[in-house]
Structures are given as structure tokens and as C-alpha cells.
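Biologist: Please show me the model, and then we can go through some of its parts.

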Amino acid sequence: MNPLYENNGQGEQLTTSLDDSIITINTIFTDTPDLILRRLHIKQTGEEAVIVYLDELTDKTCLNHDVLAPLQLESGNPSGDFITHVGYMKPESEWEKLKLNIMQGYSLLFIQGRGSAYVLDTKGLPQRAIEDPQQEPSLKGAHQGFIEIGSQNIAMIRRIIPDKELKIRQYVVGRRGQTTVSLVYLDDVVQPDFVKALEERIQSIDVDAIINTGELVEFIEDQPLALLPQVITTERPDTAASQILQGRCAVVVDGSPSVLIAPITFMSFFQTVDDYSSRWSISSFLRMLRIFAFFVAVLLPGFYIAVISFHFEIIPMKLLLTLGESRGQVPFPPFVEAIIMELTLEMLREAGVRLPAPIGQTVGIVGGIVIGQAVVQAGLISNVMVIVVAFTAIASFIIPNQDMMAAVRLMRFMMMILASWFGFVGLVVGMMTFIGRLITLNSLGNSYSTPMAPFRLTDWKDTLIRVPLWLMNNRPTSTRAAQSRRQGRNRGWKEKE
């Protein structure tokens, strides 16, 4: 059976009576004013028929020009059967599948005396134009992002990888929403265990509906209670295609403008498509800067709290006097001071996201300046704390992945609490816990911390640094690709000189 219908079960069979079919349709779709049933006489065969479709999900031009006009105006043909001009037409006799096709935007043609209805591809689903990705801007990459139509997203991936080995498996998830979920991979490259694991997890989902990729992630992650994300969500077709070429799988959810990538590693969250468009030295520097920003965003407020509260003896005397003068009028301990500023920053960030773009930018800039200046003048917060929070915010914005950035924000609060209790010892314990958790995590059963643990020297070519592309002859060993070699010797001309 086609996997597209595996979660729907077997339905009743269609009868040859046209009147019975109309009664069944009206019984299934009660209180559905946008359901259109139109009787017609097929001039080509002399048969009576009815065409059924949902008004707002159907392309009216295609329906009138490619279906209704040929059936009602054109004369008979040598084959003795009717002809339409649509590109896709398939007979179907199970009511469950027919119902699903109507709700997906197809038109159904029922003909008197025939035990099958014909599914016609006249879909005209509402969709927006392809635009520049909002969450993943690129300086040198393509300015093209995924949209809410799953078939269009797959087409954008196919455009980059026009290979016959690019395989697509489709499933329907949800008893009511019935969302089409597509699994995309290179058959001769991907590790079969990854495809099998994703397939089993998708098929085992039993919910009313899957609205977007964020909901699907919680059902397919190895450890959904973990703070760190275990799959990558991307809006960029070139990023998805690059990951597929490395031996990973992409999951396309119809109705969502983002695609899931799995399995991944921790270092995957610090790589961007621009890394492969810039010179290797610049890309390597930027990657190290992102890693440094990660630790700054996690540890800096906690480090400040630990130094002020427990270890002020390590501060040079001149700096200590400056800090003492700055904190002289502050009534709160460093931890409370840091919590107030961090929560204020989080509220400003959330307000900027939820408001319309022009207003959101104004709130972020004006609110940050006004509040920061006011709390310092009021003596509630020290100048140094404002600087620490500002550096922390800048460092968190450098992290290119939104899911990892959100995890960093929560980890920062945990480190602040540990630092307020135990000082540097708390920070060390927190980092040891983080590293231990990092090592134990998996993505589709694959090690999340590779190539650091387990240590894989060959994968370091594209981890903390990015070596020249002509030296990366093999795919990452972390993907366990069935075909590890991805390029030949591309500098052979140099040897001939």
C-alpha cells in the first residue's frame, strides 16, 4: 500500500450508483458550504457524471479549462473513453482515500456505472511568493527560502540536487489535520538505519494534527526532555541540500516554511551556508568566534556574579575600586541585579519579536536605551552590570541557529544560579554537567558530540575550522554515509605545472 495512506486504514468501497455517491458525499461533508457538487453530461462518452471539489482549494482556471471544457465540449475519441487535459488523473475506489484527496485540494469525478472515481489534479492551495529567509539571512548564498507548500519545498531541493537517487517517502500524520510529511534523502549515500528510524518515529505518531515542524520535533527527537536541540530546523533550500549531500535526511512538513535535518551534531549549529561561500580562513575565524560567543553568552553573567560575590581578590585593585564605586549605591546583591537585567532583556526581546517589525525595532532600541539609562541613574543597577548584559546579548545574537540560541538563554540562568551559590566551583560543576550531557545525547541514535567524543580527526576539517574545500574529499564520518567519497582530486592541475 502507498505509504501516503498508511495511517488512514481501509474505508468502504465506492458503488457504481452516481446517486449513492452523491448521498455519501453529502453525509461525509455536512455543514461544508465550500463543497461544490456539479452535475454534468460527458459529451465524449454520453455518460452522466458529477464533479466534486472544495471551492477555495481548487484552481478554477485549471478546472474550467482542463476538465469541464474537454468533458462537455469535445466530441468522442477513438479510445472510447473520456479525456481531460490535467497532468494527473488516477482512479480510486476507497472512500477514505477519496475523502483525503478532496481535503487536499484535488477534484473528484464520479461517473454513473463506474466503480471508481477519478482523482484530478486541480489543486490551487493558497500560497505566498518565495522570499528571502527571515531567520537565516545570507550574504553570498541564494536569496530563496522555503514556503508553506510541501511540494514546492521539495521542488526547490530537487532543483539543487537533480539526481535520480534523491528519494522521497510520504506519510500522512494526524487523524484530523492529516498533514503530509515527506522524508527526503539520497538513497545511495544515506545510512539506511537513519531512514528506518525516522520512518518508524513518523509512522508511530498518533495525534489530531501536526501544524508545524516544531510539533513534529518533539515526537521524533531521541531525548525530547533535553535542553539542547537534536535536529536542525532550516528555512534555506541550499542548507537542506547541503546536509542531504553529506548523508543526512530532510523532513518536509506540508504547511510549514521550515525543514528538519537529522541526524546532526552539536557543531552543526555553528555552521552556516556562508562558511562555504567565503574564503576558508575567514570562515574558520567566524566559526571560532561563534564558539567563543557561545561560552560568553552562557558564562559571562555567572562569572561576574562569582567574582563579585566570592572571588573579588582576583580583581586588580584599580578595577576593584571602580567596581566598588559603581556598586556603592546599588541595594541588591549581584545575583538579583543580574536577574533583573536579564529578565528585562528577555522581555524586550520577546516584545520586539511579537510586535510588527517597525514597532518592534523601535521598542528594542528605545526601550533598551531608556531603561538602561534610567535604572543606572536610579541606583538600582550598576554600570558594569549593564555592560555585562549588553556583551551577553551581543554574544547570543552571534549564534546562527535560533533553537540553540534559545537553549543558551536558559543555560545562562542555570549558570547564574550555580555561581550565586558556589562561585567558581558552581560554574565548573555546571560546565562539567553540560559536557557530560553533551556526550550522552544522541540524534537518531548517532553521537551528538562527535567529532569531539568519540574523537574523529578527519571530521575536524569541517568543525572548529573549515579547511579549503578541495581538501574535504569525504563526507563526515558522523553521518556514517554508505558512500563516503564526495569529490575527487580537484587540484591536480597544480601538479602539472
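Modeller: Over residues 291-312 the chain is 86% helix and 0% strand, and the end C-alpha atoms lie 27 Å apart. Helices (H or I, at least four residues) and strands (E, at least two) are DSSP runs, numbered from the N terminus. This is a predicted model, where local features need pLDDT of at least 70, side-chain atom pairs count only at pLDDT 80 or more, and totals for chains, interfaces and linings use all residues. Residues are numbered from 1 along each chain as its sequence is written, and side-chain values use heavy atoms, with hydrogens and water left out.

Biologist: Which feature does UniProt place at residues 291-312?

Modeller: The UniProt entry is unreviewed, and its annotations may be inferred rather than shown by experiment. Its feature also covers residues 250-270, where the model is 0% helix and 38% strand. The name given in the record is "transmembrane region".

Biologist: Is Phe-310 buried, partly exposed or exposed?

Modeller: Phe-310 lies in the loop between helix H8 (280-309) and helix H9 (317-327). Leaving aside neighbours within four places in sequence, its contacts (heavy atoms within 4.5 Å) include Ile-305, Trp-421 and Phe-422. Buried means under 20% relative accessible area, exposed over 50%, and partly exposed in between (1.4 Å probe, protein chains only). Because its relative accessibility is 34%, Phe-310 counts as partly exposed.

Biologist: Why is strand E9 described as largely enclosed by the rest of the structure?

Modeller: Cys-249, Val-251 and Val-253 point one way from E9, and Ala-250 and Val-252 the other way. In a regular strand the side chains alternate between the two faces of the sheet. E9 is largely enclosed because, of its five residues, the number buried is five.

Biologist: Which residue of E10 stands opposite Val-252?

Modeller: Two strands pair if DSSP finds at least two bridges between them. E9 and strand E10 (residues 259-262) pair in the antiparallel sense over four bridges. Their hairpin has five residues between the strands, and Gly-255 there takes a positive phi near 100°. Opposite Val-252 stands Val-259.

Biologist: At what angle do helices H1 and H3 pack?

Modeller: Two packed helices are described by the angle between their axes and the distance between the axes. Axes are lines fitted to C-alpha atoms, for helices over the stretch in contact, with angles from 0 to 180 degrees between N-to-C directions. Ser-21, Thr-24, Ile-25 and Ile-28 in H1 meet Trp-95, Lys-99 and Ile-102 in H3. The axes of H1 (residues 18-28) and H3 (residues 95-103) are 12 Å apart, and the angle is about 60°.
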